Amino acid sequence: MVKLILKIFFIILIAVMQFVFMPIISIKGAIPNLILIGSLVLILLDFEIDAFYLAGLGGLILDLGSPTPFGFNAFIFILLVFLARFLSKKYLPQTNYITIAIIVFLGTLIFGLASTLILKEQVTILLLVEGIYAAVLGLILFRILLALIKPSQIITIFEQ
Amino acid sequence: MPKPGSETLTKIKIFEENVKVLLPGKTRRKMRRWRFVIVILVLALLGFFLYPTGFTKPIKNYFWRGLEPIGLGFRLSFGKIVPFFKDIVHLKGIVKQNKNLINENLSLQGQLANLSEVDYENEILKKELGFLKTQNASTIIPAAIIGQSSGYLRSLVIDKGQADGLLQGDAVISQGYLVGTLTDVRKNNSELTLITDFNSLVPVVLQDSRGTGLLRGGLNGLAVEDIPLNIGIRKGENVITSGLGGQIPPGILIGTVTDVISKEGEIFQKVSVSSPIDFSRLEVLFIIKKNG
């Protein structure tokens, strides 16, 4: 229970950072989405439940403050997590730096296109900049998680 | 003597047993995941259909009100540190820009002295002709930036709203230049759409040639569209708000004309506009509230 509360608190913290901190470190106006990056990296590392929690709950929190219709972020994030899960199971059995970069880049691009369409904005080259920025952040997060994950968490199925 | 391959068989049996033990837990986890996903999707779908009723407006207001102290804290701490490091990277350009600004400042001081004299003469002449004292027709309200609601909109969230008397469409300025208009005014905070946004349209006039048009943001920066063909546009002339329609008062400076970008055969002229404002580094903003 304490673990779940901590997770929810952490998700709220990431969503808050998305609104107040990420615009400060934007590059040429490109602001990567931390919730999306986090959930994609988690799903590629096989933390399925955590990835869906982050995508769903984080998406709903983002929806509370976003100009897009309520539910848009949560829906797209869950969809992208499913897509990433399918791709990683079917075509990318090994999770490494390249797969992380590709999936995060593509995920950000799809989310950006969907957002610009729903907001009736112009599709610009900034989407690519944002994709690359998000991929770099994804790689940093992947490195941090790799350092934090205990080997026992990965091989549990063979141990019991 | 054990049969050949029996060791492998034993290992497989142990593995199968382990998998059986693990399965209920795994299934439970799967069920939990699906239940959670379904709940979120139902909420999202419900919210999506109820969105046109405007039920999210008060929620958004309280959400951003809660974020206000955190947002202001980040702006006042990291908001100052990050540009400092960006400036170090562009140090050479900044030195050059500073030199140009000093020269421009000296020239403007000279112009200001002349204008003060003209202003004084103007006041005297008005008195002689019996004009009534010009009234300030607008109120200026300062506002701070809390955060940004979406990376795909050139918009910002500010800490003033209906409670401060703001209305949708009010003009927002920074350092005397127009930076945007209020597009979503909530009780305690508002959404400001910058003039660099593709969907922002502001009626403007070119100060010297008096050509009117619509200012729009976009991929290639600011541009004024729909200027009549018979207008002789001069490069470097000021672009100011025309005050036609909406809440934006006339005479607010936006920038200067840099180039005529319309092609031959087009029925209207189009010019690109340069604003001296760095829209990624806005700090204190002022909202111009039109009185009456």
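Predicted model: local features only at pLDDT ≥ 70, side-chain atom pairs only at ≥ 80, totals over all residues.

Me: What makes Ile11(A) buried?

Reply: Count its neighbours. Ile11(A) has 23 other C-beta atoms within 10 Å. The cut-off for buried is 20 or more. So Ile11(A) is buried.

Me: Where is Ile11(A), and which residues is Ile11(A) in contact with, leaving aside its neighbours within four places in sequence?

Reply: Ile11(A) sits in helix α1 of chain A, residues 2–20. With those sequence neighbours left aside, its contacts are Tyr53(A), Leu54(A), Leu57(A) and Gly58(A). Gly59(A) is 48 residues away in sequence, yet the C-alpha to C-alpha distance from Ile11(A) is 9.6 Å.

Me: Why is α3(A) called mostly covered?

Reply: Of its 18 residues, 15 are buried. The helix covers residues 48–65 of chain A. From first C-alpha to last, α3(A) reaches 26 Å, close to the 26 Å expected at 1.5 Å a residue.

Me: Why does Asp46(A) count as partly exposed?

Reply: Asp46(A) has 15 C-beta neighbours inside 10 Å. Buried needs 20 or more, and exposed needs 12 or fewer. The count falls in between, so Asp46(A) is partly exposed.

Me: Where in chain B is Gln175(B), and what is its phi?

Reply: Look at the loop between β3 (171–174) and β4 (177–185) of chain B. Gln175(B) is found there, and its phi is near 50 degrees, a positive value in a residue other than glycine.

Me: Is Gln175(B) buried or partly exposed, and how do you know?

Reply: Gln175(B) has 13 other C-beta atoms within 10 Å.

Me: Why are α2(A) and α4(A) called roughly parallel?

Reply: Their axes cross at roughly 30 degrees. Angles under 35 degrees count as roughly parallel. Therefore α2(A) and α4(A) are roughly parallel to each other. Their axes come within 9 Å, and α2(A) passes α4(A) in a right-handed crossing.

Me: Which residues meet where α2(A) and α4(A) touch, and of what class are they?

Reply: From α2(A) come Ile35(A), Leu36(A), Ser39(A), Leu40(A), Ile43(A) and Leu44(A). They meet Phe77(A), Leu80(A), Val81(A), Ala84(A), Arg85(A) and Ser88(A) in α4(A). The residues of this contact divide into nine nonpolar, two polar and one charged.

Me: Which residues form the contact of α5(A) with α6(A)?

Reply: Among those in α5(A) are Tyr97(A), Val104(A), Phe105(A) and Leu113(A). Among those in α6(A) are Leu127(A), Glu130(A), Ala134(A) and Phe142(A). By class, the residues of this contact come to 13 nonpolar, four polar and one charged.

Me: How do you know the span of α5(A) is close to the expected one?

Reply: Compare the two values. The helix covers residues 97–118 of chain A and has 22 residues. It reaches 32 Å from first C-alpha to last, and 32 Å is expected at 1.5 Å a residue.

Me: What do the buried residues of α5(A) pack against?

Reply: They pack against α2 (34–44), α4 (72–90) and α6 (126–148) of chain A. The buried residues include Ile100(A), Ile103(A), Gly107(A), Phe111(A) and Ser115(A). After the helix comes Lys120(A), with a positive phi near 55 degrees.

Me: How many residues join chain B to chain A, and which element gives the most?

Reply: In chain B, 42 residues are in contact with 41 residues of chain A. α1(B) gives the most to the chain B side, with 15 residues. That side has 23 nonpolar, 14 polar and five charged residues.

Terms used:
Residues numbered from 1 in each chain as written. Chains lettered and ligands numbered in written order. Contact = placed C-beta atoms within 7 Å. Helix = DSSP H or I, 4+ residues; strand = E, 2+ residues; numbered from the N terminus. Nonpolar A, V, L, I, M, F, W, Y, C, P; charged D, E, K, R; others polar. Expected span 1.5 Å × (residues − 1). Axes fitted to C-alpha atoms, helices over the stretch in contact; angles between N-to-C directions. Parallel < 35°, antiparallel > 145°, perpendicular 65-115°, else oblique. Left-handed = near helix turned anticlockwise from the far one by under 90°.
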